[in-house]
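Please look through the sequence and the model shown below.

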Amino acid sequence: MIRGIGESIGNAIFENIGRAAGRVQENKPLPADLLESEDAYLVVFDAPGATASDVQVRYVDDRVEVRIDRFRDFHDGFEMRYPGRGLALDGSVTLPEDAVVDAEAATATLKHDGTLQVRIPKSETVDDAEAAADDETEE
């Protein structure tokens, strides 16, 4: 009987530690990198264990926002002892103040290495369009 109580307490401790670890992961923003090329911005988020149906990507004002709602797979013959992975993960990256982008043409790709890549093409600014027009008339 004492052994059963000890196992029960041990299981409760593992479960509570796992849930706390999952909450920490859920409350911490997804790590992300912001890269820039001549024609686009690329935001790379860590998206471990996500599938395409788990991912939501939005562009709001000057910010890329990501929400990942993961699900745990069930494994025959195993029971959950330590639920330590967060299931609802969020992250966002703000683009530079001077960024002019075509958010409608943005693409998101979930890679096999567990990253989510969001590519946002730059759009021509009025000044760029005028400079291109000036270059054409000078020739």
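Strands, loop and core

Q: In which sense do E1 and strand E2 (residues 40-46) pair, and over how many bridges?
A: Strands here are DSSP runs of at least two residues, marked E and numbered from the N terminus, and two strands pair if DSSP finds at least two bridges between them. By that rule E1 and strand E2 (residues 40-46) are a pair, and they run in the antiparallel sense over 5 bridges.

Q: What kind of model is this, and how are its residues numbered?
A: Residues are counted from 1 along each chain as its sequence is written, and side-chain values use heavy atoms, with hydrogens and water left out. Local features need pLDDT of at least 70, side-chain atom pairs count only at pLDDT 80 or more, and totals for chains, interfaces and linings use all residues, since the model is a predicted one.

Q: Which residue of E2 is the bridge partner of Leu34?
A: A hairpin of 3 residues joins E1 to E2. Within this pairing, Ala32 has Phe45 as its bridge partner in E2, while the partner of Leu34 in E2 is Val43.

Q: What is the order of the strands in the open sheet of 4 strands?
A: Strand E2 also pairs with E7, to which 7 antiparallel bridges join it, and there Ala40 stands opposite Pro121 of E7. The open sheet has 4 strands with antiparallel pairing, in the order E1-E2-E7-E6. Its edge strands, each pairing on one side only, are strand E1 (32-36) and strand E6 (107-110).

Q: Why is E2 described as largely enclosed by the rest of the structure?
A: A residue is called buried when its relative accessible area is under 20%, exposed when over 50%, and partly exposed in between, using a 1.4 Å probe and protein chains only. E2 is largely enclosed because, of its 7 residues, the number buried is 5.

Q: Which residues touch the most other members of the largest nonpolar core?
A: A nonpolar core is a set of buried Ala, Val, Leu, Ile, Met, Phe, Trp, Tyr and Cys residues joined through side-chain atoms within 4.5 Å. The largest one has 18 residues, and those touching the most other members are Val43, Phe45, Ile68, Leu116 and Val118.

Q: Is Thr115 buried or exposed?
A: Thr115 lies in strand E7 (residues 115-121), and a polar contact (a pair of N or O atoms within 3.5 Å; within protein, one able to donate a hydrogen and the other to accept it, with residues adjacent in sequence counting only if both atoms are side-chain atoms) of 2.7 Å joins its side chain to that of Asp113. Leaving aside neighbours within four places in sequence, Thr115 is in contact (heavy atoms within 4.5 Å) with residues including Val44, Phe45 and Leu110. Its relative accessibility is 11%, so Thr115 counts as buried.

Q: Is Gly49 buried or exposed?
A: Gly49 sits in the loop between E2 and strand E3 (55-60). Beyond four places in sequence, Gly49 is in contact with Asp54 and Arg70. With 55% relative accessibility, Gly49 counts as exposed.

Q: What is the relative accessible area of Asp54?
A: Asp54 is found in the loop between E2 and E3. Not counting residues up to four places away in sequence, Asp54 touches Gly49, Arg67, Ile68, Asp69, Arg70 and Phe71. Asp54 is buried, and its relative accessible area is 7%.
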